[in-house]
Amino acid sequence: MRVRSPRILLTLALGAALAACGHAPLSHTQASATPPPVRNVIFMMSDGTPNEAWALTRWVKGARLASDGILTGAVQTYGADSIITDSAPGGTAFATGRKGTDKGIAVAPWRVTIAGVDANPAQAYAPLPTVLEGARLTGRATGLVATANIQHASPAAFSAHTHDRGRYNDIGEQQVYQGIDVVLAGGEQYLLPMADGRGARPDNEDLVRVLQGKGYDYVRTRAQMQAATGTKLFGMFAADDMVYDLDRAQLAPDQPSLAEMTRKAIEVLSRSEKGQRHGFFLFVEGSKVDWAAHANDPTGVIGDLSAHDEAVKVALDFARADGQTLIISTSDHGNGGLTIGRREAKQYATTDDDSVVTPLRRATLTGDGLARLMAQDKSEAHIRDVLARHWGVEDLSAQEVQAIQTAPSQAWRLQYVLGPMLSSRAGVGWTTNGHTGGDPFMHSFGPGQVSGLWENTALAHHMARVMGFDLQALQERLFVEAAPSLAALGLQTELDLTQAANPVLQVRNRQGEEVRLPIHKNELLTAEHTHELEGLVVWAEQTGKVYVPRQAITLIRAKLVR
């Protein structure tokens with residue numbers, strides 16, 4: 001048995017003690033002196049990216065990537081209840097500095113099974129402040145960019161609070177009332193009413209109209225986005241997720257690329273009055289690297305990781321000219337277990353680059369794109385024609401044709417059938433259709449640059465520190481438990497669930513005077529006035545508790561306490 005030295009044992013003991021207190025062990029970079037002033041922070045994620053995808057993308061592109069020059073470390077991604085994390089707890093860690101429970105979006109963990117994770121049972125399901133919310137309260141302009149629907153787990157974790165990542169309608173409403181200056185992504189259906197057939201909202205609120213009333217330029221196409229001149233911009237380029245980058249030219253030419261959205265977001269945020277005075281915080285996600293990795297589709301992984309890297313270059317060009325911008329780019333977890341090499345390839349030591357690169361360079365659409373072309377016609381002739389024209393695959397077996405014909409009709413399900421077919425021809429291997437538990441690469445540039453091995457939670461605290469705020473102090477400012485705080489003032493609270501999709505917290509005094517606080521919004525309603533609050537009203541359904549900004553308590557005291 002190997003015996004560890006006393007120094008190693010002391011280091012491990014110290015690390016365990018710090019972890020038990022909710023803090024990651026400090027690397028030499030984390031422990032260094034206060035970094036130079038940071039005006040702007042751009043946090044970028046290529047969701048669910050296998051580390052070997054970077055090498056594969058580099059081979060297929062035939063050149064170094066923009067991200068290569070700023071590769072500085074790696075990130076530990078485990079959550080509160082699994083060493084293989086999901087996007088919801090992964091995003092929660094980056095956004096709030098706390099490990100999250102599976103499916104939770106920027107709320108305190110309620111199920112903790114991993115040793116050393118900070119957990120207070122009394123705080124379970126409570127909303128946690130995010131670095132975006134903190135940046136906004138420092139006066140900074142804020143933005144979200146993604147290629148999924150904007151209500152998806154990662155962007156949601158920076159801008160909403162719920163125990164269930166699938167509550168897109170609630171998440172979408174919270175995002176509309178967060179005061180975010182720029183939002184560019186897919187997901188329009190979750191902003192529009194169901195009753196008139198335009199959207200998916202059962203409460204039939206038209207949140208697009210709300211946004212326009214708040215002064216946003218609301219855009220739906222690449223051209224409209226590029227033409228927008230205001231300092232508040234909301235772009236929804238698809239009903240749900242946007243298409244893969246490789247498919248964009250053929251299937252959705254009106255959609256902007258991730259790099260174009262990133263450039264526009266930086267332009268708008270940096271020239272706004274808030275951006276000029278205080279700087280900005282921007283979250284950018286190449287969302288669908290993850291989706292392609294789930295399907296074991298190398299075309300989607302390579303195409304969308306390349307698109308993410310092009311967005312990194314846009315951010316880098318700005319940061320190099322600006323000199324006051326911190327960029328951190330990483331992934332929330334691995335996915336798929338991608339390898340350059342397969343179990344069947346016994347002669348791995350003589351793998352020619354052309355054998356891998358050529359089949360992948362032939363692809364002009366992702367597996368998802370092919371599935372869309374075959375949606376209405378799964379005849380053998382059409383299948384063979386589509387794969388020959390768009391993938392250069394002319395040797396489909398009878399079994400492969402049958403697998404395509406019998407696959408479920410949804411495009412994403414057929415992508416799971418198609419992806420492995422190209423992978424086998426390119427010598428690309430996969431271990432799973434799910435996430436993996438390794439440490440994704442981290443890239444960083446600018447003042448406050450990070451290097452070494454970091455906890456995902458530590459990155460949130462670092463971003464907060466360089467922007468000049470403390471997440472714990474923000475907790476006490478943004479999320480006060482309403483009932484006990486108002487009861488101490490002699491006031492009664494009741495949650496009105498008359499309209500299930502639109503709950504409202506009612507607060508009354510002994511004289512029967514009342515104020516109302518709609519859940520998911522930042523409003524306090526009196527008989528005379530609507531007050532805009534500095535944060536959201538959040539209902540933790542699992543505990544029945546409602547949380548409001550401390551500012552709301554002050555306003556209610558002034559209105560109802562005699």
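**Entry 1. Terms and model**

I count two strands as paired if DSSP finds at least two bridges between them. Helices (H or I, at least four residues) and strands (E, at least two) are DSSP runs, numbered from the N terminus.

The model is predicted: local features need pLDDT of at least 70, side-chain atom pairs count only at pLDDT 80 or more, and totals for chains, interfaces and linings use all residues. Residues are numbered from 1 along each chain as its sequence is written, and side-chain values use heavy atoms, with hydrogens and water left out.

**Entry 2. Confidence**

I looked up pLDDT, the predictor's confidence in each residue, from 0 to 100. The chain has a mean of 93, and 94% of its residues reach 70 or more. Residues 1-33 have pLDDT below 50. I still find 23 contacts (heavy atoms within 4.5 Å) for this stretch in the model, beyond near neighbours in sequence. Where pLDDT is low, the predicted coordinates should not be read in detail.

**Entry 3. Strands β2, β13 and β14**

I started from A74. Its bridge partner in β14 is L453. Strand β2 (residues 71-76) and strand β14 (residues 452-455) pair in the parallel sense, over 4 bridges. I then followed β2 to strand β13 (residues 441-445). Here 3 bridges join the two strands, and they run antiparallel. L71 has H443 as its bridge partner in β13. Strands of a sheet pair through backbone hydrogen bonds, either parallel or antiparallel.

**Entry 4. Strand β4 and its partners**

Next I took β4 (residues 182-186). I use buried for under 20% relative accessible area, exposed for over 50%, and partly exposed for in between (1.4 Å probe, protein chains only). In β4, 5 of its 5 residues are buried. Strand β3 (residues 141-149) is joined to β4 by 4 bridges, and the two run parallel. I find V182 of β4 as the bridge partner of G143. Strand β6 (residues 233-236) also pairs with β4 in the parallel sense, over 4 bridges. A185 stands opposite M236 of β6.

**Entry 5. The β15-β22-β21 sheet**

I traced an open sheet of 3 strands, in the order β15-β22-β21, with antiparallel pairing. Its edge strands are β15 (480-481) and β21, each pairing on one side only. Between β21 and β22 (residues 545-548) I find 3 bridges, in the antiparallel sense. A540 stands opposite K545 in β22.

**Entry 6. Cavities**

I searched on a 1 Å grid over the protein atoms alone: a cavity is a set of points where a 1.4 Å probe fits but cannot get out, and lining residues have an atom within 4 Å of a point. Grid points are joined across faces, edges and corners, and a volume is the space filled by probe spheres set on the points. The structure holds 3 cavities of 30 Å³ or more.

The largest cavity has about 110 Å³ of space. I list 14 lining residues, and the closest to its centre are H161, T162, H163, W539 and A540. Helix α6 (168-176) and β21 (538-540) each supply at least two residues of this lining. Which element gives the most to it? It is β21, with 3 residues. I class Ala, Val, Leu, Ile, Met, Phe, Trp, Tyr, Cys and Pro as nonpolar, Asp, Glu, Lys and Arg as charged, and the others, Gly among them, as polar. The lining of the largest cavity has 5 nonpolar, 6 polar and 3 charged residues.

The second largest cavity has about 90 Å³ of space. Of its 13 lining residues, T147, V243, D245, L258 and D304 are the closest to its centre. At least two residues of the lining come from each of α9 (245-251) and α13 (298-322). By class, I get 6 nonpolar, 4 polar and 3 charged residues in the lining of the second largest cavity.

**Entry 7. V131**

I looked up V131 in helix α4 (residues 131-137). V131 counts as buried because its relative accessibility is 0%. Leaving aside neighbours within four places in sequence, I find V131 in contact with residues including F94, F158, F281, M463 and L471. V131 and V41 are 90 residues apart in sequence and 10.0 Å apart in space, C-alpha to C-alpha.

**Entry 8. Positive phi**

Most residues other than glycine have a negative phi. I checked K103 and A106. K103 is not a glycine, yet has a positive phi of about 85 degrees. A106, also not a glycine, has a positive phi of about 50 degrees. K103 lies in the loop between α3 (87-96) and α4. A106 is found in the loop between α3 and α4. Is K103 buried or partly exposed? At 36% relative accessibility, K103 counts as partly exposed. A106 has 0%, so it counts as buried.

Conventions. 1 Å grid on protein atoms, 1.4 Å probe; cavity = no way out; pocket = protein on both sides within 12 Å on 5 of 7 lines; lining within 4 Å.
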